[in-house]
Amino acid sequence: MAISQASSFDSAIGAITGRTWFGYLARIVLTFGFWASGLAKLIGFQAGMAEMAYFGLEPAAAFNIAVIITQIGGSALIIMNRWTWLGAGALAVFTLLTIPIAHNFWTMEEPFKTMEFHVAMEHITVIGGLMVVAWKTSP
């Protein structure tokens with residue numbers, strides 16, 4: 001009886017996760033932080049430039065444009081499931097680079113050190129998720 005119930009549950013979950021719309025929703029949710037940030041930097045271009053300058057990235061306009069292209073472009077590739085490995089790789093490298101640039105917890109005093117450490121660990125987890133996307137969509 002328990003095996004039958006588990007099988008029914010697996011079938012029900014498979015019926016949902018096997019749908020095309022579920023794949024799009026999953027990819028939209030996974031990339032939300034990236035494309036939302038990219039859109040915010042595009043819409044508020046001056047604020048995006050100020051963020052780049054704050055982190056010492058000059059010329060700020062060029063870095064802001066590069067970040068917008070990476071975040072929106074990488075997200076779009078994943079969402080559309082086209083060259084997904086490239087989008088996931090670009091976002092993973094971008095995310096990894098933000099750790100020493102924006103979340104360099106090892107240079108901070110408490111309580112910011114611990115808070116930024118947790119952000120860095122979350123970034124590593126996101127990189128793992130992007131790696132899974134690249135792996136599961138590779139030919």
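Biologist: Where is Thr 137 found?

Modeller: Thr 137 is found in helix α6, which covers residues 112–137. Helices are DSSP runs of H or I with at least four residues, strands are runs of E with at least two, and both are numbered from the N terminus. The model is predicted: local features need pLDDT of at least 70, side-chain atom pairs count only at pLDDT 80 or more, and totals for chains, interfaces and linings use all residues. Residues are numbered from 1 along each chain as its sequence is written, and side-chain values use heavy atoms, with hydrogens and water left out.

Biologist: Why is Thr 137 called partly exposed?

Modeller: A residue is buried under 20% relative accessible area, exposed over 50%, and partly exposed in between (1.4 Å probe, protein chains only). Thr 137 has 34% relative accessibility, so it counts as partly exposed.

Biologist: Which residues is Thr 137 in contact with, leaving aside its neighbours within four places in sequence?

Modeller: Contact means heavy atoms within 4.5 Å. With those neighbours left aside, Thr 137 is in contact with Asn 81, Thr 84 and Trp 85.

Biologist: What stands out about the phi of Asn 81?

Modeller: Most residues other than glycine have a negative phi, and most peptide bonds are trans. Asn 81 is not a glycine, yet its phi is positive, about 60°. Asn 81 is found in the loop between α4 and α5, and its relative accessible area of 34% makes it partly exposed. Trp 83 lies in the loop between α4 and α5 and has a positive phi of about 50°, although it is not a glycine. With a relative accessible area of 59%, Trp 83 is exposed.

Biologist: Which residues does a cis peptide bond with an omega of about 0° join?

Modeller: That cis peptide bond joins Glu 58 and Pro 59, and Pro 59 lies in the loop between α3 and α4 (60–80). A cis peptide bond with omega about 5° joins Glu 110 and Pro 111. Pro 111 is found in the loop between α5 (84–102) and α6.

Biologist: What makes two rings an aromatic pair, and how many are there by this rule?

Modeller: A pair of aromatic rings is described by the distance of the centres and the angle of the planes. Rings of Phe, Tyr and Trp (its six-membered ring) pair if their centres lie within 6.5 Å; planes under 30 degrees apart count as stacked, over 60 as edge-to-face and the rest as tilted. By this rule there are six aromatic pairs. One of them joins Phe 32 and Trp 35, with centres 5.2 Å apart and planes at 90°, so this pair is edge-to-face. Phe 32 and Trp 35 are three residues apart in helix α2 (residues 20–43), a separation of about one helical turn. Phe 32 is partly exposed at 47% relative accessible area, and Trp 35 is partly exposed at 25%. Phe 105 and Trp 106 also form an edge-to-face pair, at 5.0 Å centre to centre with 80° between the planes. Phe 105 is buried, at 17% relative accessible area, whereas Trp 106 is partly exposed, at 47%. Ring pairs link Phe 105, Trp 106 and Phe 117 into a cluster.

Biologist: How do you know that Glu 51 and Lys 41 meet in a salt bridge?

Modeller: A salt bridge is a side-chain nitrogen of Lys or Arg within 4 Å of a carboxyl oxygen of Asp or Glu. The side chains of Glu 51 and Lys 41 come to 3.1 Å, N to O, and meet that rule. The pair links distant parts of the chain, ten residues apart, with Glu 51 in helix α3 (residues 45–54) and Lys 41 in helix α2. Glu 51 is partly exposed at 34% relative accessibility, whereas Lys 41 is buried at 9%. The structure holds one salt bridge.

Biologist: How many helices and strands does the protein have, and why is it called more spread out than a compact globule?

Modeller: The protein has six helices and zero strands. The radius of gyration is taken over C-alpha atoms, and the globule rule is 2.2 Å times the number of residues to the power 0.38. The radius of gyration of the protein is 19 Å, well over the 14 Å that the rule gives for 139 residues, so the protein is more spread out than a compact globule. Of its 139 residues, 27% count as buried.
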